[in-house]
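Welcome, and please open the structure in your viewer. We will go from stop to stop, selecting a few residues each time.

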Amino acid sequence: MKDYIIENFSEVMSLGDRTAESFFLNIIVALVIGMVIYIAYRATYTGVAYSKRFNISLVMMTLISTMVMTVISNNIALSLGMVGALSIVRFRTAVKDARDTAFIFWTIAVGICCGVSQYTIAAVGTIVLFLFLIIMGQVHEDGKYMLIIRCTSASVKAAESVVFNYLRRPQLRVRNEKQISAELIYEIGAGPLKKALNANEEHLLDKLLAIEGVETANLVSQTDDFSR
C-alpha cells in the first residue's frame, strides 16, 4: 500500500507543473469567454425583469464546466463516475424563457471546449453567437396589441363600428355578452394600429370612450415574456 501511494504520488508530481499550467490556462480562457457571454446577455436582453444574479450564474457555469471537463478529460473511469453523480442531482428551477436556456447551453459548450483546451472553437463559436445576437437585436418584430372593450350590450354594435372604421381587419378573439354587459377583445398588429392612429386625428380609445355605454377601453402590448 505504501509503495502504491508513493508511486502514484511521484507520477502526479512529475506531471504536476504541466497539469497546473494547462488548468490555469483553461480557467483563464473560460473566464474571459464567460465575461463575453455576460456582456452579450446584458446587452441583448429585451425583457422587463433582467436578473443580474442569473447573468453571473452563466459565468459560474462556464467555469464549473471547465473544471469538470479538465478533471475527466483523460480519465474514462472518472468520467463515468461523474455522469453517475450528476444523474442523481435534480434541478427544480424553472427556466421561463427559451433564450435563457440557450445561454445555459452556450456556457456549457464553452466550458467543455475550454476543459479540453479547444480554445479556438470556443472563441470562434462565441464570436459568431455574439454577432448573431447583435444582428437579430436590430430586427424589430411586428408586435401585437390586445384591444379590450367593456361596455353595455346596447353599445356593442357602436363599438364594433368604430373598431372596423379604424382598422381594416381586426381579429376578434373573445366576445362575452351578458344581459346588460359585454366584453370584446381584439388582436391588432402594431403596424396596422400605427397606421390607423396616424390616419385619424382622434385616438381610437378616445373615440370608443365617447360612445355612450362604453365603460373601459384598453390597449395591452403583448411580448414573448411579459404583457404590459
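**First stop: the end of a helix**

Select Ser 117, which follows α4 and has a positive phi, near 65 degrees. Helices here are DSSP runs of H or I with at least four residues, strands are E runs of at least two, and both are numbered from the N terminus. Before going on, note that this is a predicted model, where local features need pLDDT of at least 70, side-chain atom pairs count only at pLDDT 80 or more, and totals for chains, interfaces and linings use all residues. Residues are numbered from 1 along each chain as its sequence is written, and side-chain values use heavy atoms, leaving out hydrogens and water.

**Along helix α4**

Now select residues 98-115, helix α4: its 18 residues reach 26 Å from first C-alpha to last, close to the 26 Å expected at 1.5 Å a residue. The expected span is 1.5 Å times one less than the number of residues. Which residues of α4 are buried? Among them are Asp 100, Phe 103, Trp 106, Val 110 and Cys 113. Buried means under 20% relative accessible area, exposed over 50%, and partly exposed in between, with a 1.4 Å probe and protein chains only.

Stay with Cys 113, which is buried at 17% relative accessible area. Its sulfur is 6.8 Å from the closest cysteine sulfur, in Cys 114, so the two are too far apart for a bond. With a disulfide defined as two cysteine sulfur atoms within 2.5 Å, the count comes to zero.

**Two threonines in helices**

Next, pick Thr 126 in helix α5 (residues 119-137). Thr 126 is buried, with a relative accessible area of 4%. A polar atom of its side chain lies 2.7 Å from the backbone oxygen of Ala 122. Leaving aside neighbours within four places in sequence, Thr 126 is in contact (heavy atoms within 4.5 Å) with Ile 33, Val 36, Trp 106 and Val 110.

Then move to Thr 70 in helix α2 (residues 52-72). Here the backbone oxygen of Thr 66 is 2.7 Å from a polar atom of the Thr 70 side chain. Beyond neighbours within four places in sequence, Thr 70 is in contact with Phe 23, Asn 26 and Gly 115.

**Last stop: the largest core**

Finally, select Leu 147, Ile 149, Val 163, Tyr 186, Leu 204 and Leu 208, which touch the most other members of the 21-residue largest nonpolar core. Such a core is a set of buried Ala, Val, Leu, Ile, Met, Phe, Trp, Tyr and Cys residues joined through side-chain atoms within 4.5 Å. Its largest share, five residues, comes from α6.

Definitions and conventions: A polar contact is a pair of N or O atoms within 3.5 Å; within protein, one must be able to donate a hydrogen and the other to accept it, and residues adjacent in sequence count only if both atoms are side-chain atoms.
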